[in-house]
Amino acid sequence: MPADLDRIDMKMLRLLQKNGRLTNAELATLVDVSPATCHRRTQRLFDEGYIRTVRAMVQPQMLDRGALVMVGVVLDRSTPESFAQFEQAVTKLSFVLDCNLVAGDFDYFLKIRVKDMADFNRIHGSQLIALPGVRQTRTFFVMKEVIDDAPLDF
């Protein structure tokens with residue numbers, strides 16, 4: 001447990017991670033503090049960066065984005081400049097959900113949501129391979145999402 005968080009803060013984080021729609025009054029009751037204290041603590045958790053944001057988890061299939069694709073990317077050079085150029089460009093692609101610099105056979109792994117294989121083929125040919133410094137991509141179509149966006153265990 002981080003030194004500046006007590007058991008109440010940790011419980012608040014667990015509860016909010018599970019259900020970001022809890023009202024301040026509900027959260028206060030669940031952690032056994034006054035609503036005013038709860039509000040101050042929640043605001044501190046935001047201010048200090050423990051909570052980045054609160055958002056709804058949208059069901060991709062309901063919005064015609066049922067295909068999940070993981071893409072391994074190899075750049076032509078392993079320099080800070082080529083990494084920076086790639087990262088700046090990839091952040092502009094709205095279909096990329098996650099982009100992670102990794103160790104191993106690839107430089108980056110991208111998590112992408114699209115309508116279907118044809119949709120991915122279109123964006124792959126027109127946008128992904130056109131990213132700066134891309135030498136090679138390897139595509140993995142997800143057959144089944146076993147764990148998706150699991151809460152942190154703390």
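Predicted model: local features only at pLDDT ≥ 70, side-chain atom pairs only at ≥ 80, totals over all residues.
Me: What is the nearest side chain of opposite charge to Asp107, and how far away is it?

Reply: That side chain is Arg135, at 6.5 Å. A salt bridge needs a nitrogen and a carboxyl oxygen within 4 Å. Asp107 is buried and has no salt bridge.

Me: How many salt bridges does a search of the whole structure find?

Reply: The search gives 10 salt bridges. One of them pairs the side chains of Asp9 and Arg41, with N and O 2.8 Å apart. This pair links distant parts of the chain, since Asp9 belongs to helix α1 (residues 7-18) and Arg41 to helix α3, 32 residues apart.

Me: Are Asp9 and Arg41 buried or exposed?

Reply: Burial is read from relative accessible area, and the cut-off for buried is under 20%. Asp9 has a relative accessible area of 1%, so Asp9 is buried. Arg41 is at 19% relative accessibility and therefore counts as buried.

Me: What can be said about the salt bridge between Asp98 and Lys111?

Reply: Start with the distance, then look at where each partner sits. The closest N and O atoms of Asp98 and Lys111 are 4.0 Å apart. The pair links distant parts of the chain, with Asp98 in strand β2 and Lys111 in strand β3, 13 residues apart. Asp98 is partly exposed because its relative accessible area is 35%, whereas Lys111 is buried, at 16%.

Me: Which residues do salt bridges that share partners join into one network?

Reply: The network consists of Asp6, Asp9, Arg41, Arg44 and Glu48. The Asp9 and Arg41 pair described above is a salt bridge between two of these residues.

Me: What about the salt bridge between Asp76 and Arg77?

Reply: Their side chains meet with an N to O distance of 3.9 Å. Asp76 is partly exposed because its relative accessible area is 44%. Arg77 has a relative accessible area of 44% and is therefore partly exposed.

Me: Where does Glu145 lie, and which residues is it in contact with?

Reply: Glu145 lies in the segment after β4 (134-141). Apart from neighbours within four places in sequence, Glu145 is in contact with Gln61, Leu68 and Arg113. A polar contact of 2.7 Å joins the side chains of Glu145 and Arg113. At 29% relative accessibility, Glu145 is therefore classed as partly exposed.

Me: Which residues make the nonpolar surface patch?

Reply: Val58, Met62 and Leu63 make a patch of about 360 Å². Of these residues, take Leu63, which is found in the loop between α3 (35-47) and β1 (67-75). Leu63 counts as exposed because its relative accessibility is 54%.

Me: What is the phi of Asp32 and of Asp64?

Reply: Backbone phi is read residue by residue. Asp32 is not a glycine, yet has a positive phi of about 60°. Asp64, also not a glycine, has a positive phi of about 60°. The loop between α2 (24-31) and α3 holds Asp32, and the loop between α3 and β1 holds Asp64. Asp32 counts as exposed because it is at 70% relative accessibility, whereas Asp64, at 41%, counts as partly exposed.

Me: Where is His124 found, and is His124 buried or exposed?

Reply: His124 is found in helix α5 (residues 117-128). Its relative accessibility is 19%, so His124 counts as buried. Not counting residues up to four places away in sequence, His124 touches Ile129, Thr137 and Thr139.

Note on methods. Residues numbered from 1 in each chain as written. Heavy atoms only, no water. Helix = DSSP H or I, 4+ residues; strand = E, 2+ residues; numbered from the N terminus. Buried < 20%, exposed > 50% of the residue type's maximum accessible area, 1.4 Å probe, protein only. Contact = heavy atoms within 4.5 Å. Polar contact = N/O pair within 3.5 Å; in protein donor to acceptor, adjacent residues only side chain to side chain. Patch = residues over 30% accessible without salt bridge, like charges linked within 9 Å, V, L, I, M, F, W, Y side chains within 5 Å. Areas by Shrake-Rupley, 256 points an atom, 1.4 Å probe, with all protein chains shown as cover. Lys, Arg positive; Asp, Glu negative; His and termini not counted.
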